[in-house]
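Hello,

Here is the structure I said I would pass on. Please look through it first; my notes on what was found follow below.

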Amino acid sequence: MLSWLVWLPIIAGAGLLILNNRPWLHWAALGIAAVTFVLSLFLLLFFDGSSASLQWVERVNWIDIAGIKIDYYLGVDGIALPLVLLNTFITLFAIGSGWENKRQPAQFFAAFVIMEGVVNGVFLAQDAMLFYIFFEAMLIPLFIIIGVWGGPKRVYATIKFFLYTFFGSVFFFISLIYLYQHANGSFALQDLYRHPVGQDAQALIFFALLLAFGVKIPMWPVHTWLPDAHVEAPTAGSVILAAITLKVGGYAIIRFVLPLLSDAVSMYYWVPMVLSLIAIVYIGFVALVQTDMKKLIAYSSIAHMGFVTLGFFMVHWLVGSGGDADIPIVALQGAMVQMVSHGFISAAMFLCIGVLYDRMHTREIKAYGGVVNRMPWLATFFVFFAMANAALPGTSGFVGEFLVITASVAWTTSILVALTASLTLVIGAAYNLWLVKRVIWGEVTHAEVDKLDDLSRREMLMLGGLAVAVLVLGLWPAPLMDIMNASLDHLIQHIRAAVELKGQGVQ
């Protein structure tokens with residue numbers, strides 16, 4: 001089943017290239033994505049949420065050369081499954097947003113479908129080297145999407161994106177080689193977990209992986225590639241970039257850094273936490289002064305992903321503090337829900353901006369005004385998603401941030417963390433309301449705006465589907481948490497055992 005989720009879209013996506021721009025090509029791409037989504041729902045239907053064990057496991061020896069062994073090892077747990085579902089769901093909307101692309105459509109749709117399979121491979125890989133291969137392979141279709149179908153400065157944005165992410169990946173690769181040798185010649189994550197690394201080596205690996213995964217999220221100050229990539233990417237590319245690609249960095253932290261490097265995280269947790277708080281507050285102010293709608297949402301993504309890293313890295317301190325035993329899992333729940341929620345909301349915001357850009361061919365805020373008078377349906381969705389982006393209660397944007405702030409409040413020795421993180425509720429409301437006021441409300445101020453047509457059926461269906469997802473997760477997050485809880489609790493028990501051993505002087 002897991003191999004189908006990985007290889008069906010990759011092979012079928014390659015097959016799209018053979019169709020050579022047939023008129024029904026977009027339907028073929030949508031069909032592939034729909035089948036993959038149905039397979040992921042089948043996975044959900046038969047998933048045992050009460051177990052922290054890997055399910056649907058596939059493991060065969062893949063490479064065994066000169067003593068180097070790499071397994072084709074796939075498995076899914078409560079941490080990976082929500083992200084697989086997010087990937088297969090959002091890919092449908094990415095293909096839908098590029099429906100009318102007429103320039104090399106075979107290559108265009110093939111890139112998105114192949115990207116879907118590769119990202120599923122990232123979330124399902126249980127061999128560290130297999131993970132690395134998928135982790136790097138996902139750069140290729142995204143590089144092509146931005147570089148071929150992007151805006152006027154697409155070459156600059158693409159090279160900057162590739163250099164940043166590939167530079168970070170070098171540190172990841174070096175760390176994997178060390179971990180492989182330390183685990184007696186195994187890349188399997190379970191074997192890496194069973195062979196703790198010495199404290200001195202942990203510190204070096206911690207900062208290496210923090211850089212490698214921080215670039216992907218992206219964390220401040222290695223975030224500057226993201227706004228440029230978003231501005232130049234086509235709408236479908238921005239949807240995938242914000243909703244899916246950024247989550248790979250967060251997933252890698254919870255899969256590698258937290259369970260493997262407990263000593264280093266316990267010593268240096270404050271470094272990524274400070275960077276996360278800077279992203280939440282400072283980048284929020286940066287978003288407030290943007291004049292390009294895409295840049296504004298791109299910067300807001302950096303701020304919202306700051307809650308993900310904040311939630312992840314406060315866990316070790318919460319475990320070692322001896323406080324309420326239930327609080328650490330609240331922090332992890334908040335970070336995971338924030339990743340899924342941000343996938344829905346960011347995709348929706350970029351789709352709304354894409355609708356306007358398709359009609360006006362500009363993303364400058366000053367070019368709009370009074371859109372509600374000509375496009376009431378778009379205005380309705382735009383305002384709704386902007387409020388979700390500002391963490392309005394009742395939407396998915398509120399749940400993750402609320403849980404992370406709740407966990408940080410329990411950190412009674414540093415209430416400043418909770419207060420600083422809470423500033424995002426004010427700053428986020430400020431830049432989202434400013435955007436809505438300038439673009440949606442008021443009288444029509446430009447003749448071009450007065451000629452706009454409201455949403456088509458296709459656009460209505462896409463935005464409506466994401467609106468339902470944002471509402472369901474905001475009003476009823478329990479099913480998502482039920483999927484995750486057993487795996488998150490298992491991770492916390494692993495961290496707690498490592499913290500206790502360190503307290504006993506065991507290295």
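Helices (H or I, at least four residues) and strands (E, at least two) are taken as DSSP runs and numbered from the N terminus. By that count, threonine 309 sits in helix H14 (residues 293-313). The model is predicted, so local features need pLDDT of at least 70 and side-chain atom pairs count only at pLDDT 80 or more, while totals for chains, interfaces and linings use all residues. Residues are numbered from 1 along each chain as its sequence is written, and side-chain values use heavy atoms, with hydrogens and water left out.

Confidence

pLDDT is the predictor's confidence in each residue, from 0 to 100. The protein has a mean pLDDT of 88, and 96% of its residues reach 70 or more. Confidence is lowest in helix H15 (residues 315-320), with a mean of 77, and highest in H20, at 95. Where pLDDT is low, the predicted coordinates should not be read in detail.

Helix H16 (residues 327-360) has 34 residues. The expected span of a helix is 1.5 Å times one less than its number of residues. Buried means under 20% relative accessible area, exposed over 50%, and partly exposed in between (1.4 Å probe, protein chains only). Of the 34 residues of H16, 31 are buried, so the helix is largely enclosed by the rest of the structure. Just after H16, histidine 361 takes a positive phi of about 55 degrees.

H18 has 14 residues, which should span 20 Å, and its end C-alpha atoms agree with that at 21 Å apart. Ten of the 14 are buried, so H18 too is largely enclosed by the rest of the structure. Among the buried residues of H18 are Gly397, Glu401, Leu403 and Ile405.

Pockets

On a 1 Å grid over the protein atoms alone, a pocket is an open set of points with protein on both sides within 12 Å along at least five of seven lines, whereas a cavity is a set where a 1.4 Å probe fits but cannot get out; lining residues have an atom within 4 Å of a point. Grid points are joined across faces, edges and corners, and a volume is the space filled by probe spheres set on the points.

The largest pocket has a volume of about 630 Å³. It is lined by 29 residues, and the closest to its centre are Trp149, Pro234, Thr235, Tyr357 and Asp358. Helix H10 (225-232), helix H11 (235-260), H16 and helix H20 (457-475) each supply at least two residues of this lining. H16 gives the largest share, five residues. For the classes, Ala, Val, Leu, Ile, Met, Phe, Trp, Tyr, Cys and Pro count as nonpolar, Asp, Glu, Lys and Arg as charged, and the others, Gly among them, as polar. The lining of the largest pocket has ten nonpolar, nine polar and ten charged residues.

The second largest pocket holds about 480 Å³ of space. Its lining has 17 residues, with Leu85, Val340, Phe344, Val472 and Leu480 nearest the centre. H2, helix H3 (80-97), H16, H20 and helix H21 (478-503) each supply at least two of the lining residues. By class, this lining has 16 nonpolar residues, one polar and no charged.

Backbone points

Most residues other than glycine have a negative phi, and most peptide bonds are trans. A cis peptide bond joins isoleucine 217 and proline 218, with omega about -10 degrees. Another cis peptide bond joins tryptophan 220 and proline 221, with omega about 10 degrees. Proline 218 is in the loop between helix H9 (199-216) and H10, and proline 221 is also in the loop between H9 and H10.

Glutamine 104 is not a glycine but has a positive phi of about 50 degrees. It lies in the loop between H3 and helix H4 (105-124) and is partly exposed, at 37% relative accessible area. Alanine 391 also has a positive phi, near 65 degrees. Its place is the loop between helix H17 (376-389) and helix H18 (396-409), where alanine 391 is buried at 5% relative accessibility.

Two single residues

Threonine 309 is buried, with a relative accessible area of 1%. Contact means heavy atoms within 4.5 Å. Leaving out residues up to four places away in sequence, threonine 309 touches Ile217, Met219, Ile253 and Ser276.

Serine 53 is in the loop between helix H2 (25-45) and strand E1 (55-65) and is partly exposed, at 44% relative accessibility. With the same exclusion, serine 53 touches Val76 and Asp77.

Regards
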